[in-house]
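Here are my notes on this one, jotted down as I went through it. Have the viewer open while you read.

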Amino acid sequence: MAAERESSLLAGVRPVDFEVLEDGKNVFASPVSTLESSPSSPEPASLPAEDLSTNFNGPKPAEVMPDDDREDLFAEATEEVSLDSPERDPVLSPEPTPAITPVTPTTLVAPRMELKSVTAPVIFDRSREEIEEEANGDLLDIEINVSDPEKVGDGMNAYMAYRVTTKTSLSMFNKNEFFVKRRFSDFLGLHSKLAMKYMHIGYIVPPAPEKSIVGMTKVKVGKEDSSSAEFVEKRRAALERYLQRTVKHPTLLQDPDLRQFLESSELPRAVNTQALSGAGILRMVNKAADVVNKMTIKMNESDAWFEEKQQQFENLDQQLRKLHASVEALVCHRKELSANTAAFAKSAAMLSNSEDHTALSRALSQLAEVEEKIDQLHQEQAFADFYVFSELFGDYIRLIAAVKGVFDHRMKCWQKWQDAQVTLQKKHEAEAKLQLANRPDKLQQAKDDIKEWETKVQQGEKDFEQVSKTIREEVQRFERERVKDFKTVIIKYLESLVQTQQQLIKYWEAFLPEAKSIT
């Protein structure tokens, strides 16, 4: 009789264990088994980044996305959490995290496996580590050139088409050298796709060149002058630098949209890139909303590294803007100096024609010739000041804005994690009330909700940890590239100054004997 009671008791207990395991299996087993069987299996090119985390965030992915901004409810949560993400190694550890109370060991361990493979929405021909090793060793053999701007069409429907030439020995491309024709909106469309897929998971996406409605309108209406030609050349150089920075990124280089942009002869036209379109106005509204959200979200930052870097980038942004304004003033000064030198040369030539003294007339004539050559040198130096120095500072002002953007996404990710913890606490309170009210009919649903939100809390913590880790790596790579770029530009700028001064000395040394020969 006791044996029968024991067997019936065991029969009543086993389905409960089986149900817990099945729930854990339904939530985590499928993606983990896929990752374990093929860690480097390609992911769909058309799958957005948000969809990749759906399997891990429960049946309501819209509630786990880090894009919604809410008030700081962290004070109401009961769990003790730490934001020292880089020092927290238990992300991939089989031990339970003290800050989170797991439902079962399987629900805690399973989602922490192969986290990197889950968050990267790209098709990898090779591992990211191999690409990064090549990038750190300057072995990424790819060269991008943007050339031959060509006006297509007439009137306000006209646009500029650019030849994008790629030379590479990388095996991911079908040919070693190829070119395509792209318009400015195609570049904007590429940046929009990359930013949508990578910025929210911590990657720094180089910004595309800014629009200029006034400059492009002059080109469209066919106004042929120096300002239009200068605008086209400035945009061409900016597009070239944008692509060069993008292909230097080891993760972005593997993206199928970037490879399609470089290789495909036919590219779907980018839409919603017009500055005055409805999408453009919507982007401005979203930016204003982001500013308001930054003011309302207060993150209790306990990671000294992130706090230090945010302050560093704020200071760097301010100083670069000041220096950029000074260099632009220098460019204007050199242009004015060039114009005044040309006027002086013209006046000296006219004076030599009216001078009766032969030696003096010849000396004035040669002085006019020297001043004309110096005028050309001033123009070339102003050109170097702009394209070597001023454009570099402008690019890095926009790059720092992109860095600030990934820090903002980290804050949103943290806020989403805190919101999930607050919701979980409310679910626990609701369960306690049902138990006190003796409502067994709704108790099971409350337990299911608790299990779902425990999963979301764990996923929120992992997302925050992963974003923090990625941002650390990205900032380190950004600093290496920044130092390298500034060193190259400073050397190039100094070489151009030395060459200009040496040429000036040659001109004046050649003229000096003529001036001394006046008798």
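1. Ground rules. This is a predicted model, where local features need pLDDT of at least 70, side-chain atom pairs count only at pLDDT 80 or more, and totals for chains, interfaces and linings use all residues. Residues are numbered from 1 along each chain as its sequence is written, and side-chain values use heavy atoms, with hydrogens and water left out.

2. The sheet. Three strands form an open sheet in the order E1-E2-E3, with antiparallel pairing. For the labels: helices (H or I, at least four residues) and strands (E, at least two) are DSSP runs, numbered from the N terminus. Strands pair if DSSP finds at least two bridges between them. E1 (142-152) and E3 (177-183) are the edge strands with a single partner each, so one side of each has no neighbour in the sheet. From one strand to the next, the twist averages 20 degrees.

3. The E1/E2 pairing. E1 and E2 (residues 159-168) run antiparallel and are joined by nine bridges.

4. H9 (residues 256-263) lies across E1, E2 and E3 and runs at about 95 degrees to E3. Contact here means heavy atoms within 4.5 Å; angles run from 0 to 180 degrees between N-to-C directions, and axes are lines fitted to C-alpha atoms, for helices over the stretch in contact.

5. H11 with H12. How do H11 and H12 (residues 358-436) pack? Their angle is about 165 degrees and their axes are 7 Å apart, which means H11 is roughly antiparallel to H12. The cut-offs are under 35 degrees for roughly parallel, over 145 for roughly antiparallel, 65 to 115 for roughly perpendicular, and oblique for the rest. The contact residues split into 28 nonpolar, 12 polar and 13 charged. (Ala, Val, Leu, Ile, Met, Phe, Trp, Tyr, Cys and Pro count as nonpolar; Asp, Glu, Lys and Arg as charged; the others, Gly among them, as polar.)

6. H11 with H13. The axes of H11 (residues 304-354) and H13 (residues 440-516) come within 14 Å and cross at roughly 25 degrees, so H11 is roughly parallel to H13. Among the residues that meet are Trp305, Phe313 and Arg334 in H11, and Ile471, Phe478 and Tyr493 in H13. This contact divides into 12 nonpolar, two polar and five charged residues.
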